[in-house]
Amino acid sequence: MTVESTAARKPRRSSKRTGSSAGKAVADPQLVQLLTPEGQRVEHPDYDVDLTPEELRGLYRDMVLTRRFDAEATALQRQGELGLWASLLGQEAAQIGSGRALRDDDYVFPTYREHGVAWCRGVDPTNLLGMFRGVNHGGWDPNSNNFHLYTIVIGSQTLHATGYAMGVAKDGADSAVIAYFGDGASSQGDVAESFTFSAVYNAPVVFFCQNNQWAISEPTERQTRVPLYQRAQGYGFPGVRVDGNDVLACLAVTRSALERARRGEGPTLVEAFTYRMGAHTTSDDPTKYRADEEREAWEAKDPILRLKTYLENEGHADEAFFASLEEESETLGKRVREAVRAMPDPDRMAIFENIYADGHALVDEERAQFAAYQASFATESDGGSAAGEGK
């Protein structure tokens with residue numbers, strides 16, 4: 001089902017760079033929401049989930065542990081153990097809700113921020129960190145969990161997902177495929193092409209866009225004049241916007257879209273309207289392009305806090321549960337920290353390997369220059385300063 005917009009977003013006249021969640025001339029389009037930011041359960045005419053207290057606690061546990069792992073990875077990068085890290089802080093509900101909607105035989109094509117989805121697919125968190133440390137190109141077998149390797153090239157995984165889904169349909173399987181991407185990737189031609197092919201071939205694929213409001217420093221309003229989910233209409237398949245900070249709504253909407261795909265009814269675009277609480281990656285400084293007030297407004301919509309409030313109000317979780325989960329999260333953080341520090345250092349010279357099948361004179365020259373530069377640094381046993389230090 002396509003949720004209609006009340007009005008198209010008007011272009012801003014001011015040159016001030018603000019987020020797409022501030023200063024709008026019209027109201028936001030309707031969101032599919034089952035759990036309010038205040039932790040109150042609400043009904044929706046088209047989407048619903050009926051979960052046991054144990055299942056609700058499971059969703060809460062997933063989000064808490066995912067956030068703890070993410071925080072540990074960010075700290076490890078700051079300590080020099082990882083080269084880079086892309087945090088999911090604030091997007092836990094979108095990832096856990098959609099991830100738990102999947103069946104084991106469904107196939108996932110992620111970007112590089114789907115740590116929560118990886119958790120739902122049973123990928124060991126430590127396996128996600130090898131690539132960011134530079135010691136491998138992925139670290140897990142995609143076919144063992146039906147979870148593809150992380151994709152750094154923006155938007156290309158939507159084409160991979162579409163082609164895979166077309167193959168699933170030709171094989172006569174009733175499984176579905178889901179492709180994750182961000183609002184920034186929605187501007188890529190690869191995404192437009194995947195929309196076209198999936199619609200024409202009625203591919204059983206769900207396009208799950210996590211609209212976290214910022215494509216690095218570019219707000220959504222400078223990439224589209226209409227809400228992202230409405231783009232699906234032009235390609236001939238439905239789109240829906242869901243509260244991306246509501247784990248119950250994300251579960252219900254994704255489950256519905258996946259079931260539609262399995263029935264042979266083609267693709268669906270799900271726009272999870274959420275917010276990136278932290279930096280785009282650890283090399284980014286979001287304070288340079290967005291206001292503190294914007295983040296504070298979204299902190300009040302925290303996905304974990306709202307589910308915790310609901311659990312407490314309904315008597316579905318007690319202090320013993322929360323205390324036990326806190327202990328479990330610290331254990332996870334320690335395990336991740338020890339695993340990363342036990343990993344080998346990256347092979348700095350590996351970047352020159354496998355560039356050309358038969359070698360190349362320029363690559364050989366660059367390799368020699370880089371080797372000389374590395375050799376200019378003193379080792380701990382040298383006990384002195386290096387000639388290249390400080391350069």
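Predicted model: local features only at pLDDT ≥ 70, side-chain atom pairs only at ≥ 80, totals over all residues.
Local features rest on pLDDT of at least 70, side-chain atom pairs count only at pLDDT 80 or more, and totals for chains, interfaces and linings use all residues. Residues are numbered from 1 along each chain as its sequence is written, and side-chain values use heavy atoms, with hydrogens and water left out.

The secondary structure of the protein chain comprises 13 helices and 7 strands. Helices (H or I, at least four residues) and strands (E, at least two) are DSSP runs, numbered from the N terminus. The protein chain has 391 residues, and 50% of them are buried. Buried means under 20% relative accessible area, exposed over 50%, and partly exposed in between (1.4 Å probe, protein chains only). Contacts between residues at least 6 apart in sequence were also examined; 73% of them join residues at least 24 apart. A contact means heavy atoms within 4.5 Å.

Axes are lines fitted to C-alpha atoms, for helices over the stretch in contact, and angles run from 0 to 180 degrees between N-to-C directions. Angles under 35 degrees count as roughly parallel, over 145 as roughly antiparallel, 65 to 115 as roughly perpendicular and the rest as oblique. A crossing is left-handed if the near helix is turned anticlockwise from the far one by less than a right angle, and right-handed if clockwise.

Helix α1 (residues 53-78) crosses helix α11 (residues 303-314) at roughly 150°, and their axes come within 10 Å. That angle makes α1 roughly antiparallel to α11. The crossing is left-handed. On the α1 side, the contact is made by Leu-56, Arg-57, Leu-59, Tyr-60, Met-63, Val-64 and Arg-67. On the α11 side, Pro-303, Ile-304, Leu-307, Lys-308, Tyr-310 and Leu-311 take part. The residues of this contact divide into 10 nonpolar, no polar and 3 charged. Here Ala, Val, Leu, Ile, Met, Phe, Trp, Tyr, Cys and Pro count as nonpolar, Asp, Glu, Lys and Arg as charged, and the others, Gly among them, as polar.

Helix α4 (residues 125-133) packs with helix α12 (residues 319-342) at about 40°, with their axes 10 Å apart. The two helices are therefore oblique to each other. Their crossing is right-handed. Pro-125, Thr-126, Leu-129 and Arg-133 of α4 meet Leu-332, Arg-335, Val-336, Ala-339 and Val-340 of α12. This contact has 6 nonpolar, 1 polar and 2 charged residues.

Helix α6 (residues 156-171) and helix α7 (residues 189-200) pack at about 15°, with axes 7 Å apart. They are therefore roughly parallel to each other. The crossing is left-handed. The residues in contact include Leu-159 of α6 and Phe-197 of α7. By class, 3 are nonpolar, 5 polar and 2 charged.

Two residues complete the picture. Arg-67 is found in helix α1. Leaving aside neighbours within four places in sequence, Arg-67 is in contact with Leu-89, Gly-90, Glu-92, Asp-302, Pro-303 and Ile-304. Arg-67 and His-115 are 48 residues apart in sequence and 9.2 Å apart in space, C-alpha to C-alpha.

Ser-87 lies in the loop between α1 and α2 (92-99). This serine is buried, with a relative accessible area of 11%. The side chain of Ser-87 makes a polar contact with the side chain of Asp-70 (2.6 Å). A polar contact is a pair of N or O atoms within 3.5 Å; within protein, one must be able to donate a hydrogen and the other to accept it, and residues adjacent in sequence count only if both atoms are side-chain atoms. A polar atom of the Ser-87 side chain also lies 3.1 Å from the backbone nitrogen of Leu-89. Not counting residues up to four places away in sequence, Ser-87 touches Asp-70, Thr-74, Arg-113 and His-280.
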